[in-house]
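Thank you all for coming; I would like to walk you through one structure today, going slowly from one element to the next. Please keep the picture in view while I talk.

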Amino acid sequence: LNIAPVPKWALITVAVAGGILLLFFLICIVKCCCSKKKPKKKERISLCAVSNSTTTNLVQPEMEDLEREVEQKRRGKLQYSLEYNFRIQELKVGVKQAVELKAMDSGGTSDPYVIVYLTPDMRKRYETKVYRRTLNPIFNESFTFQVPRAEVSESTLVMKIYDFNHFAKHDIIGEVRLPLASVNLQHVIERWSDLVVASKVEEEHLGEICFSLRYVPSTGKLTVLILEAKQLKRMDSNGLSDPFVKVHLILNRKKWKKKSTSVKKNTLSPYFNEVFVFEVPFSQIQNVDVVISVWDHDKVTKNEPIGKLFLGCRATGNQLRHWSDMLSNPRRPLAQWHILQPPEVVDKAMGLKSHLRLPLHSR
């Protein structure tokens, strides 16, 4: 310092200023480093803190819950009415209309129809007509159930809306499940209810069967082609069945003609591809019912029925639709899948008389 030409006080000033700048620079570095680490520390704490389920659900809901919530929405609404006659112990259910149904087809529409029944006694089931390509069908159909007054509070009304398909399983759009104990049946009830996802508690599934119908008026030939069945009820101890199909013709509510397929061993999804031809004059076609029944063959004991259904002008729902399509398209085979119903339900609905073979002149 003594040798330098610069004054001593100037050098001291420069040294002090340099020290201050260096100290300020060090403080800035420390501050920047700390500020970068703090968010990481906070983030680490927040992730570790979501250990209990309540906090986790608040921060990030389960995907299953979100999917279920989305699935519950956009299924539509159903308008219906209830009227119970205490004197004759009869429940009248009116299926009015549905709006804003979920689109089940690729074209953005559905082919809806409604199945109505009571639980726990599900022996009597009704179906509305099928309405093509609409999300706002107007049904305006009513159905009657005999319900003893003592059983009203234990019964539940179930109305399921399905999307009709010709060659595949009918998809369920949604359902309304109404415990009768929760409503006041002293007055006529009319209300709207949101459709929800169908309950897992379903009626016993008996299986499905696919067959085609063809009628030629000029020759009076009715052709029934039994194609296949699937998801049949297990009837044997090995968890399988030995199914075969019977085709009955009913004339004026009396059994008339019958034919059967071969037996398919140890299967719940048999393939038949067997054709039967019946002679039914055009003058009698309106009086004929076709009963399709699936049976389990047993060599030792009696053959047991798995399920059945019937088609004809007295049928309802999909069965009536299939029959009407056949009559509207003469000479053209029309195939369709059908859900099997309990045999006693079908027999009761048909009101069969005693077995009588009628002489019928065929062409």
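Let me begin with strand E3, residues 112-119, which is mostly covered, since 8 of its 8 residues are buried; please keep in mind, as we go, that this is a predicted model.

Which strands does E3 pair with? There are 8 bridges joining E3 to strand E6, residues 156-163, and these two run antiparallel, and there are 3 bridges joining E3 to strand E4, residues 125-127, again in the antiparallel sense.

Now let us turn to another sheet, an open one, in which 4 strands follow the order E5-E2-E1-E8 with antiparallel pairing. Its edge strands are E5, residues 138-146, and E8, residues 189-194, each of which pairs on one side only, and neighbouring strands in this sheet are turned by 20 degrees against each other on average, direction ignored. Within it, strand E2, residues 90-99, pairs with E5 over 7 bridges, and one example is Gly 94, whose bridge partner in E5 is Ser 142.

Finally, helix H5, residues 317-328, has 12 residues and reaches 16 Å from its first C-alpha to its last, close to the 16 Å expected. Its buried residues include His 322, Trp 323 and Met 326.

Definitions and conventions. Residues are numbered from 1 along each chain as its sequence is written. This is a predicted model: local features need pLDDT of at least 70, side-chain atom pairs count only at pLDDT 80 or more; totals for chains, interfaces and linings use all residues. Side-chain values use heavy atoms; hydrogens and water are left out. The expected span of a helix is 1.5 Å times one less than its number of residues. Buried means under 20% relative accessible area, exposed over 50%, partly exposed in between (1.4 Å probe, protein chains only). Two strands pair if DSSP finds at least two bridges between them. Axes are lines fitted to C-alpha atoms, for helices over the stretch in contact, and angles run from 0 to 180 degrees between N-to-C directions.
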